[in-house]
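These are my notebook entries on a single chain, set down in the order in which I looked things up. The sequence and the structure come first.

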Amino acid sequence: MDSLLVIAPVAVPAAAALAYALIGWNRVTAWLGASAAAGLLACAVALAAAGRREALAGLLHSDALSAFMLIVIGTVALLAMLAGPAYLAAELASGQTGPREMRRYGVLTQSFVAAMALAVLASSLGLLWVAIEATTILTAFLVGHRRTRQATEAAWKYMVICSVGIALALLGLVLTHDAGDHAGVASLDWTALSEHAGRLDPGVMRIAVMLLVLGFGTKAGLAPMNAWLPDAYSQAPAPVCALMSGGLLSVAFYAVLRVKVIADAALGTGFTRTLLVIVALASLAGAALLLIGQRDYKRLLAYSSIEHMGLIALGAAIGNNLALVAVLLHILGHGLGKSVVFLSAGQLHQALGSTRIRAVRGLISRAPMPAGAFSLGLLALLGLPPFSLFASELGIARAGFAAGLGWPVAAALALMLVIVAAVGRQVRPMLVGGGPGEAVALPPTLAVPLVAGLAACAVLGITLGPLRPLLQAAATIAGATP
């Protein structure tokens, strides 16, 4: 029974993908994805309560950190899958998609969720790498879903950049295996590597860790190899953007956290701290500069994702208990907030036919529900109370000053002020600017994930409730220092 519970988060969406392949997309199976996501989320909660578990002769491993990441994946997937039927129905009505494409969408999205679940349950860095590489292949087809020239170009750009990143991570794994082999560790099991990290060759491990952080950081949206995000997010279907921003980026950073635990034990905390501070500030600076002149609201949301991954990297660099609890809370809050804004942005794109900021005016009066969700989601992502990202950003700042990293935290806060000003300047005319236009209706089924996502993000900003012990346990596994 314990083994089945560990396997289920991968098996449930995989079974849904098989069902879509055999039956296709229709009025009944349209909600199969949401049911599978709900099942995955239920399994994640059960694993969080069950503690450490293994399956398939130790190939899969669940602890507090992986259970928390499964909760993030399940939550984001549930919101995205609830919005999927209405989104695809509008695409079908406008001639942008057809039955074959809808079948493929169901297969690919469920396979994507299964691959993310496999990544966080993998007990080996090698299997984790395979799962993350699988997400690259699956999401490339989803980015090119519309098969337009722009979508195809974005899919190829995404494939090329992420393949380079994942190749660098593979080279890092080869070096890690070589270092482990000389230390008597014949596998890439991250538990064994952590236990014997003191025997790993420091010179080899420095190169390996740099390659692994750069490689997995490419998929996490960290500088310098994050140029794929704006193009991919501007072309992918809105529910896929929610899955990628709220789920995939977090899963890729989960890999960085697992590597960091091994690196800190082998090299001390200073090496990975310096490396993560550099990529964090570079990501924040790049996002701030590019947001100032942004003209496309879906690309604006992509640069916002880069900003938040930079903040998460900064929190991981700080590395104490408060910082890592705040990092994990930020991952969940970012997943909720970004799902809401991408789903509402997708509805606006379908209704208005454009993602250009100048083409969208007076949304509060024309489309109160999607505009309200979009604006509240942005407020959450900008770190305003009562949303959970306010609490997590405050926690990261407090932890940084307490750990003696005042200057990186101060620089990050200054860049965040630039980002807040840039986003406010770009979005304000969209919401309250004048201009004629027809009213935009919201499909009733889409209101559910939007309201639920905002409500959950607000509740987490007020109280952690039963998540508190899970966050503490997950932070400890992620290598939290006192």
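**Entry 1. Charged pairs**

I began with the salt bridges of this predicted model and found a network that links Lys157, Asp231 and Arg299. For the pair of Asp231 and Lys157, I noted 2.9 Å between the closest N and O atoms. I recorded Lys157 as partly exposed because its relative accessibility is 34%.

I next looked up Glu91 and Arg146, whose side chains form a salt bridge at 2.7 Å, N to O. This pair also links distant parts of the chain, 55 residues apart. Glu91 sits in helix 3 (residues 64-93), whereas Arg146 sits in the loop between helix 5 (125-143) and helix 6 (149-182). Is Glu91 buried or exposed? With a relative accessibility of 1%, Glu91 counts as buried. Arg146, at 23%, is partly exposed. I keep in mind that side chains of opposite charge can pair when their charged atoms come close.

A further salt bridge joins Lys260 to Asp264, at 2.8 Å from N to O. Here both partners are in helix 10 (residues 238-267), four residues apart, or about one turn of the helix. I found Lys260 buried, and Asp264 as well.

**Entry 2. Helix 18**

I then turned to helix 18, which runs over residues 444-462 and has 19 residues. From its first C-alpha to its last, helix 18 reaches 28 Å, close to the 27 Å expected at 1.5 Å a residue. Its buried residues are Leu446, Pro449, Leu450, Gly453, Leu454, Cys457, Ala458 and Leu460. Why do I place them on the same side of helix 18? They cover an arc of only 165° around the axis, and therefore share one side. The face turned away from that buried side carries the exposed residues Pro444, Val448 and Ile462.

Which elements cover the buried residues of helix 18? I listed helix 3, helix 13 (321-352), helix 15 (368-381), helix 16 (388-402) and helix 19 (467-477) among them.

**Entry 3. Cysteines**

I looked for disulfides and found zero in the structure. Cys457 is in no disulfide, and its nearest cysteine sulfur, that of Cys241, is 19 Å away. Cys457 is buried, with a relative accessible area of 1%. Cys43 also counts as buried, at 13% relative accessibility.

**Entry 4. Helix 15 and what follows**

Helix 15 is among the elements that cover helix 18, and I examined it next. Its 14 residues reach 20 Å from first C-alpha to last, close to the 20 Å expected at 1.5 Å a residue. Because 10 of these 14 residues are buried, helix 15 is largely enclosed by the rest of the structure. Its buried residues include Pro370, Gly372, Phe374, Ser375, Gly377 and Leu381. They pack against helix 12 (297-318), helix 13, helix 14 (363-366), helix 16, helix 17 (406-432) and helix 18.

After helix 15 comes Gly383, with a positive phi near 85°. The peptide bond from Pro385 to Pro386 is cis, and I noted omega near 5°. Pro386 lies in the loop between helix 15 and helix 16.

**Entry 5. Other backbone features**

I recorded a cis peptide bond between Ala223 and Pro224 as well, with omega about 10°. Pro224 is in the loop between helix 8 (202-220) and helix 9.

Where does Leu56 lie? I located it in the loop between strand 1 (53-55) and strand 2 (60-62). Its phi is positive, near 55°, although Leu56 is not a glycine. Ala57 is found in the loop between strand 1 and strand 2, and its phi is positive too, at about 55°. Ala57 counts as exposed because its relative accessibility is 90%.

**Entry 6. Annotation**

Finally, I consulted the UniProt record, an unreviewed entry, which annotates residues 122-412 as "domain: NADH:quinone oxidoreductase/Mrp antiporter transmembrane". Over residues 122-412, I noted 80% helix and 0% strand, with the end C-alpha atoms 33 Å apart.

Terms used. Residues numbered from 1 in each chain as written. Predicted model: local features only at pLDDT ≥ 70, side-chain atom pairs only at ≥ 80, totals over all residues. Heavy atoms only, no water. Disulfide = S-S within 2.5 Å. Buried < 20%, exposed > 50% of the residue type's maximum accessible area, 1.4 Å probe, protein only. UniProt positions renumbered as here; feature names shortened; annotations may be inferred. Helix = DSSP H or I, 4+ residues; strand = E, 2+ residues; numbered from the N terminus. Salt bridge = Lys/Arg side-chain N within 4 Å of Asp/Glu carboxyl O. Expected span 1.5 Å × (residues − 1). Arc of directions from axis to C-beta. Contact = heavy atoms within 4.5 Å.
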